[in-house]
Amino acid sequence: VFAFLVCQANKTWRPSPHLFAPGGSDGLKYALLKQHIGPSGSNHPHNLPRCHRSDGKALRCSKKGYRVLAVKKYKQRKSSLVAKIAAVGCASLVLAGCIGFGFASAGSTGSHVEAFGIDEMSTSASQAESASLTQVASDEAARETTVLSSTAKRDISKGIKAIEAKEEADRIAAEEAARAEEAARIAAASEKMAQQQATAPAPVAVNLSEVDWNVGKEAFIAEWTGRIDAYLAGSPLAGQGVTFATAAWTSSVDPRWSPAISNTESSKGAVCFKPFNAWGWGQSGFSGWEEAINTHVAGLANVYGYTISMAYAQKYCPPNAEHWFNNTLGQMQLI
């Protein structure tokens with residue numbers, strides 16, 4: 001743009017000077033003079049000067065003075081215009097350079113910044129700052145980890161000790177409760193045996209071994225589970241030995257009595273008059289063998305006594321008490 005303006009000003013287009021001719025000694029004043037100089041550089045005027053008339057006389061105007069003054073004014077204006085254009089061009093170049101440098105600084109990559117020696121400084125500063133921040137973060141994380149670890153260890157150790165103490169206390173309490181329960185069951189079974197022997201008019205049983213209650217709950221259940229399962233093998237009640245043994249321990253009755261009655265009343269559950277009622281107990285059925293066994297054993301303990309007797313046979317099966325007694329006793333001997 002700058003080069004185009006200079007070329008046009010010097011070679012192609014020249015502005016027309018506007019001149020006023022000075023007044024002569026006779027007081028004449030010359031009118032406004034306009035002149036256009038063509039591209040060829042010639043100073044031949046296209047417009048002749050115009051003069052005033054005085055007393056009706058036409059005066060001839062000299063073209064020499066006019067021409068010198070016109071050229072002088074023209075050169076002054078031309079020089080002023082060229083200077084202005086040059087100043088504008090220089091300012092445009094400076095402005096364009098500043099704008100270009102701003103865009104380059106804002107959007108250029110690291111390779112452009114290196115030309116000004118900034119990359120090394122900024123990179124070094126960034127690396128130093130990053131390293132410092134990383135070190136501070138690492139130190140802080142390490143300190144927090146140490147604090148948390150030490151706190152966690154202290155808290156966990158205290159918690160473990162408290163849990164262990166509680167578990168030990170619960171274990172001791174459970175053992176004491178189990179021992180107390182065993183002692184109570186043993187005492188209840190012994191009391192029932194003694195009470196039945198004292199009130200029975202005839203011997204309770206013939207050739208019927210006594211049950212050892214002093215072995216404890218676990219040994220008692222383990223022993224009589226095996227015996228009863230062997231007795232009930234192949235019947236609908238097979239596999240219910242642990243249910244009979246546990247119920248007998250809980251109710252303090254002879255563990256052989258209820259299994260033997262099931263054989264007398266229903267051939268070990270093969271012929272039940274009500275669902276799962278293998279003992280002719282009451283007038284209703286049950287939802288399963290476990291419910292039926294627990295109900296029957298508890299009923300024997302509450303309604304009858306510790307083990308079989310003639311008196312209990314007469315109460316359980318009045319029409320045929322003797323046959324019922326002998327048959328049930330014989331099954332208990334098998335167990």
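Residues are numbered from 1 along each chain as its sequence is written. In this predicted model, local features need pLDDT of at least 70 and side-chain atom pairs count only at pLDDT 80 or more, while totals for chains, interfaces and linings use all residues, and side-chain values use heavy atoms, with hydrogens and water left out.

**Exercise 1.** Decide whether Ser258 is buried or exposed.

Solution. Begin with its place: Ser258 lies in helix α7, residues 257–266, where a helix is a DSSP run (H or I) of at least four residues, numbered from the N terminus. Next, take its relative accessible area, which is 2%. Buried means under 20%, exposed over 50% and partly exposed in between (1.4 Å probe, protein chains only), so Ser258 is buried.

**Exercise 2.** Find which residues Ser258 touches beyond four places in sequence.

Solution. Contact means heavy atoms within 4.5 Å. By that rule, Ser258 touches Phe244, Trp279, His296, Val297 and Leu300. Turning to Trp279, the residues in contact with it, leaving aside neighbours within four places, include Phe244, Ser258, Ile261 and Tyr316.

**Exercise 3.** Describe how α7 and α10 cross.

Solution. The two axes, lines fitted to C-alpha atoms over the stretch in contact, with angles from 0 to 180 degrees between N-to-C directions, come within 8 Å and cross at roughly 125°. Angles under 35 degrees count as roughly parallel, over 145 as roughly antiparallel, 65 to 115 as roughly perpendicular and the rest as oblique, so α7 is oblique to α10. Residues making this contact include Trp257 and Ile261 of α7, and Trp324 and Met332 of α10.

Conventions
Helix = DSSP H or I, 4+ residues; strand = E, 2+ residues; numbered from the N terminus.
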